[in-house]
Amino acid sequence: ACGRAGNWKGALKVASEMANAGIELDTITFNTTISACAKGCGCESGLLLFDEMAQRKVQADTITFNAIISACENAGQWETALQFLSAMAQSKVESNTITFNTAIRACDSGGAWHQALELFSVMPESMVVSDTITFNTVIVSCTNSGRWAEALRVFVVMAQREVKPSTISFNSTISACEKGSKWKEALQLVGAMAQKKVEADTITLNAAISACE
């Protein structure tokens, strides 16, 4: 209940009381508590819990790593998030789309567009599928950093892999066109939205108009 409510301090207290009572803490206990810390911006506590898992010889799984990477993302610690992603591979714990999406978001939050793009590029060889959220996050990261050409290339890859674009996908790519003074491409994207029956909004139109100025 504490985890679902984002009450990370309450979750920590429960875990501590369990340990003091001699109740064995298992992977599920740690996962739930670290997830609560991630939601409640208790990154440092999450890191300490992860270390405690190793000390108690409790096996970390995919959910564990996803939770701690999320905690790093919320705390703006993208480099630490990447360290855990690397540790995940070294520990031979299977990563998934959520793992990479969270790590890419962490890079985006830190303005590390190049690292976000690099993570995106290694997903196929890691046998991890990129979804709409993956593409959106990478496109936004590139756009926010003024890397309009990279954003456009990622959008093209999205179509090649037949991943359904969302309004955010188009809006972010149109914004990239605006930054690159590519007004023709921006208008083509607006037309493509109608063809693919993706709903345009005020942000879409404003970005397209700005690209034409």
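Contact here means heavy atoms within 4.5 Å. The model is predicted: local features need pLDDT of at least 70, side-chain atom pairs count only at pLDDT 80 or more, and totals for chains, interfaces and linings use all residues. Residues are numbered from 1 along each chain as its sequence is written, and side-chain values use heavy atoms, with hydrogens and water left out.

By the contact rule, Asn101 touches Asp131, Ile133 and Thr134, leaving aside residues up to four places away in sequence. Asn101 belongs to helix H6, residues 97-109. Helices (H or I, at least four residues) and strands (E, at least two) are DSSP runs, numbered from the N terminus. Asn101 has a relative accessible area of 5% and is therefore buried. The classes are buried, under 20% relative accessible area, exposed, over 50%, and partly exposed in between, with a 1.4 Å probe and protein chains only. Two of the residues touched also make polar contacts with the Asn101 side chain. One joins the side chains of Asn101 and Asp131 at 3.2 Å. Another joins the side chains of Asn101 and Thr134 at 2.5 Å. A polar contact is a pair of N or O atoms within 3.5 Å; within protein, one must be able to donate a hydrogen and the other to accept it, and residues adjacent in sequence count only if both atoms are side-chain atoms.

The overall fold is helical. The protein has twelve helices and zero strands. From the N terminus on, the order of elements is α-α-α-α-α-α-α-α-α-α-α-α. Of its 213 residues, 46% count as buried. Among contacts with a separation of 6 or more, 62% come from residues 24 or more positions apart. The protein exposes about 11300 Å², and carbon and sulfur atoms supply 53% of it. Accessible areas come from the Shrake-Rupley method with a 1.4 Å probe; for residues, only the protein chains shown count as cover.

Aromatic pairing was examined next. Rings of Phe, Tyr and Trp (its six-membered ring) pair if their centres lie within 6.5 Å; planes under 30 degrees apart count as stacked, over 60 as edge-to-face and the rest as tilted. By this rule there are four aromatic pairs. In one, the ring centres of Phe120 and Phe135 are 5.1 Å apart and the planes stand at 70°, so the pair is edge-to-face. Phe120 lies in helix H7 (residues 113-122) and Phe135 in helix H8 (residues 132-144), so this pair ties together parts 15 residues apart in sequence. Phe120 and Phe135 are both buried. Phe155 and Phe170 also form an edge-to-face pair, because their ring centres are 5.2 Å apart and their planes lie at 65°. This pair links helix H9 (residues 148-160), which holds Phe155, to helix H10 (residues 167-179), which holds Phe170, across 15 residues. Phe155 counts as buried at 14% relative accessibility. Phe170 counts as buried at 0%. Elsewhere, Phe50, Phe65 and Phe84 form one aromatic cluster.

The largest pocket holds about 220 Å³ of space. It is lined by 13 residues, and the closest to its centre are Leu85, Ser86, Phe100, Leu119 and Val122. Helix H5 (78-90) and H7 each supply at least two residues of the lining. H5 gives the most, with five residues. On a 1 Å grid over the protein atoms alone, a cavity is a set of points where a 1.4 Å probe fits but cannot get out, and a pocket is an open set with protein on both sides within 12 Å along at least five of seven lines; lining residues have an atom within 4 Å of a point. Grid points are joined across faces, edges and corners, and a volume is the space filled by probe spheres set on the points.

Two loop residues have positive phi values. Met127, not a glycine, has a phi of about 60°. Met127 lies in the loop between H7 and H8 and, at 73% relative accessibility, counts as exposed. Ser181, also a residue other than glycine, has a positive phi near 55°. Ser181 is placed in the loop between H10 and helix H11 (183-195). At 56% relative accessibility, Ser181 counts as exposed.

Ile28 is a further exposed residue, with a relative accessible area of 60%. Ile28 sits in helix H2, residues 27-39.
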